[in-house]
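Dear colleague,

Please find below the structure that I am handing over to you. My notes on what was found in it follow directly after.

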Amino acid sequence: MTQRVHNVMRQLLIDGDRSAINVSNVAERADVAPSTIYRRWGDLTNLELEVALEIAESQMPGVDTGSLPTDLLVFTRQAIAFIGSPTGNVLIRGWLTTDPEGLRNYWARRWIDVRAPFDRAIDRGELAADAPVIEALENHSGSLYFKVLFSGKTLDPEDAARSLVEVALRTVGHPVPDAWRSTKSTVHRPTA
């Protein structure tokens, strides 16, 4: 039953028709009673959040390479691909336009996974315990979403990933590996 409901919600989220996302429609398509959804998830927001997290975690599983720069680079590549994909784009844009609270709930849960590379680096002694991790994450995530969703530019995913990681590393005082410093600029500069 849970998988059927998840599959329906996933398809509705991917389709991007927010008006079709309601308890009655989800229940009917999943062949369950509306009370089942309320009993299991409490409300539609919790179901949507659970499915969105499942989608995100499958697309951005993260890795532990043993190195903060490489962990961040792998995660950033995954995030660029996900946010730029039709599914990721629909999810994020849908939340931005119709459900900012859903987006905040999503980030509250995803923050643990996004922060993990920094926590591992601190545990390994690669990064100081008092490094400004939150500032680095906010700068990285904000820039990432802006570049992928709003810049209107076609990005070189590798160059964008490296430049975002370089900024995050500098923010926390970690050296940027010389072998993969960005040579191109992904910053959008409007022309006069």
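Among contacts (heavy atoms within 4.5 Å) in the chain between residues at least 6 apart in sequence, 64% join residues at least 24 apart. The chain has 9 helices and 0 strands, where helices (H or I, at least four residues) and strands (E, at least two) are DSSP runs numbered from the N terminus. The C-alpha trace spans about 60 × 45 × 25 Å along its principal axes.

Please note that this is a predicted model, in which local features need pLDDT of at least 70 and side-chain atom pairs count only at pLDDT 80 or more, while totals for chains, interfaces and linings use all residues. Residues are numbered from 1 along each chain as its sequence is written, and side-chain values use heavy atoms, with hydrogens and water left out.

Confidence
The pLDDT, the predictor's confidence in each residue from 0 to 100, averages 84 over the chain, and 91% of the residues score at least 70. Confidence is highest in helix 3 (residues 34–41), at a mean of 93, and lowest in helix 6 (residues 86–98), at 73. Over residues 185–192 the pLDDT is below 50, and this stretch has 9 contacts in the model beyond near neighbours in sequence. Where pLDDT is low, the predicted coordinates should not be read in detail.

Buried and exposed residues
Of the 192 residues of the chain, 45% count as buried (under 20% relative accessible area, with exposed over 50% and partly exposed in between, using a 1.4 Å probe and protein chains only). Leaving aside neighbours within four places in sequence, the contacts of F118 include L68, L72, L127 and V133.

H6 lies in helix 1 (residues 2–15) and is buried, with a relative accessible area of 4%. Not counting residues up to four places away in sequence, H6 touches W41, L47, E50, V51 and E54. D31, in contrast, counts as exposed, at 64% relative accessibility. D31 is placed in the loop between helix 2 (23–30) and helix 3, and its phi is near 60°, a positive value in a residue other than glycine. Most residues other than glycine have a negative phi.

The largest cavity
How many cavities of 30 Å³ or more does the structure hold? There are 2, a cavity being a set of points on a 1 Å grid over the protein atoms alone where a 1.4 Å probe fits but cannot get out, with lining residues having an atom within 4 Å of a point. The largest cavity has a volume of about 50 Å³, that is, the space filled by probe spheres set on the points, which are joined across faces, edges and corners. Helix 5 (68–84), helix 7 and helix 8 (133–150) each supply at least two residues of its lining, and the largest share, 4 residues, comes from helix 8. The lining divides into 8 nonpolar, 2 polar and 1 charged (Ala, Val, Leu, Ile, Met, Phe, Trp, Tyr, Cys and Pro count as nonpolar, Asp, Glu, Lys and Arg as charged, and the others, Gly among them, as polar).

One of the lining residues is R110, found in helix 7 (residues 100–124). R110 counts as buried, at 2% relative accessibility. Leaving aside neighbours within four places in sequence, R110 is in contact with L53, A56, E57, M60 and F75.

Yours sincerely

Key. 1 Å grid on protein atoms, 1.4 Å probe; cavity = no way out; pocket = protein on both sides within 12 Å on 5 of 7 lines; lining within 4 Å.
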